Amino acid sequence: MAVGSEWWRSAVIYQIYPRSFSEGAGATGVGDLAGITARLPALVELGVDAVWVSPFYPSPQKDAGYDVADYCAVDPLFGTLADFDALLKEAHGLGLKFIVDLVPNHTSDQHAWFQAALASPKGSDDRDHYIFREGLGKAGELPPNNWESVFGGPAWTRVIEPDGAPGQWYLHLFDTSQPDLNWHSAWVHEQFREILRFWLGRGVDGFRVDVAHGLMKAPGLPDYTPPVNANSMGLQQELSSDDEPPTPPYWAQDTVHAIYRDWHRVLEQYPGEQVLVAEAWVEPLSKLARWVRPDEMQQAFNFAYLENPWDATAVREIIDGSLAAFGAVGAPSTWVLSNHDVVRHATRLSLVGDHPQGVGVGPASTGVPDRAFGLRRARAATAVMLALPGSAYLYQGEELGLPEVIDLPDTARQDPTWARTHHERYGRDGCRVPLPWEAHAPAYGFSDSGQSWLPQPPYWGGYARDAQAGDEGSTLELYRAALRLRASETLGTGIVTWLEGYPSTALAFSNANVTVIANAGREHVMLPKGELLLSSQPGTVDVLEPDTTVWLRI
Ligand code: NOJ
């Protein structure tokens, strides 16, 4: 971590997905805040600088907490506000920064604001907090436009009016249970300023802002048909870094930026260095960089980096593109390979064929190679990512080398995508399976009761933290060593200089006093003489085998 100011510019930030991290109290098989508090020392040992905790607010859990029913409280499933305060205090005591998740695009349909909107007549102030419209067709029986939900199916649901008759439709870009807020309402703006102040007052170090590209919609809500090769966010795939794709009327509207300038000013009123992190699926990077202009947010997730295959040319292009685009606005680049919405990179990087983001992989998916092959690539890719200047995000369990769980029973799947697409898309459950902590404990140490809200596979024990700790060749020890070196060699604040003389299927660069060489080709690469600081595969001496990355001192 950079000493002194602007810690976030080079921080390694660990994502905790509370329901799957660790259960400390109760016996529901769902992780909780007490479980996080108890396990924080493991994250300090890992060597991260900060944690980001996905939603733990009261919620019907229709979208695993991204359907918030009260922004200023804790769901009893996860604990109490006192548990939150204890967790925050413990994290700060251990030197960890603490980022919470803010979900401003939509609420749960159980939120009091939406319930009030439903109970109020058309045209009322309460209705105006959401996006209600009359339907099309003779009797308003058709949705107001052709927009589709990210999770599949129409993005509109018709309500029964208080008088018992079918009436208006409301917009939900995600599940039916997640109505979109109306960000043209000054009242909505004021509520969110208050929510920011609530958590800032408790001492958080920032907010990861969910769907930060979605809050404003184009005037008139015009019809839109995504391009044929769009991913689940409606964005075109395989664009070159300069192409600006057509902007869907529900994403990335210019008017959204005024909101983040306003929030920036709210954060400035608090001592310390709090951050706003954009979850914005926006392409190209030069456009995404607008979210992190000096008076807006501090960071934006680099999904263009995450979406890259394990291909040296593509990775080099995206590294250059990211450093240039974010650098142009004075922001740090971020790097990320996994999170709770994508196929874990220990599986994704080895997939063969077409696997669009959001679809997931399951028993009927084709082109899923064996776990050892995927893990080898993931370790190599991680060793590249952690050598880059800027801020890196880790998703819980990647430090254990966890693969996507592909063979979850159909009946266990809970991602709304699975039901909304009538089982056509598996969705995201496979990356959300509760963590293995101890190889020989009930639920692999995730819960005392042995319960686990998604079933853990029988091979989970081999990935358990206690099975890997102290084993030099393990993925956990690779992450620890990389994070130790990243800090001691100040890689987070360094500069990438590409090195010539390597095959085009290799990545070779220096950062500070470290030379990084990654072999993404099928032939081995001869290594220059030097001191081996780190290798993603044990046993590397003077030849770099395929799917391996080394850090050298030359
Ligand atoms: C992005 C979150 O990461 C994802 O998990 C959630 O389903 C959607 N936003 C909707 O809130």
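In the predicted model, a polar side-chain atom of His106 is placed 2.9 Å from an oxygen atom of the ligand, a polar contact being a pair of N or O atoms within 3.5 Å. For Arg208, an N or O atom of the side chain is likewise 2.9 Å from a ligand oxygen atom, and a polar side-chain atom of Arg428 lies 2.9 Å from an oxygen atom of the ligand. Of the 300 Å² of accessible area that the ligand has on its own, the protein covers 98% (Shrake-Rupley method, 1.4 Å probe). Residues are numbered from 1 along each chain as its sequence is written. Because the model is predicted, local features need pLDDT of at least 70 and side-chain atom pairs count only at pLDDT 80 or more, while totals for chains, interfaces and linings use all residues; side-chain values use heavy atoms, without hydrogens and water.

The shell around the ligand comprises 13 residues (a heavy atom within 4 Å), of which Asp63, His106, Asp210, His340 and Asp341 come nearest. The ligand sits in the largest cavity. A cavity is a set of points on a 1 Å grid over the protein atoms alone where a 1.4 Å probe fits but cannot get out, and a molecule sits in it if more than half of its atoms lie within 2 Å of its grid points.

The chain is divided into domain 1 (7-105 + 186-475), domain 2 (112-171) and domain 3 (495-553), with bounds from an automatic or database domain assignment. The centres of domain 1 and domain 3, taken over C-alpha atoms, are separated by 29 Å. Between these two domains, 20 residues of domain 1 are in contact with 24 residues of domain 3 (heavy atoms within 4.5 Å).

Technical notes:
Polar contact = N/O pair within 3.5 Å; in protein donor to acceptor, adjacent residues only side chain to side chain. 1 Å grid on protein atoms, 1.4 Å probe; cavity = no way out; pocket = protein on both sides within 12 Å on 5 of 7 lines; lining within 4 Å.
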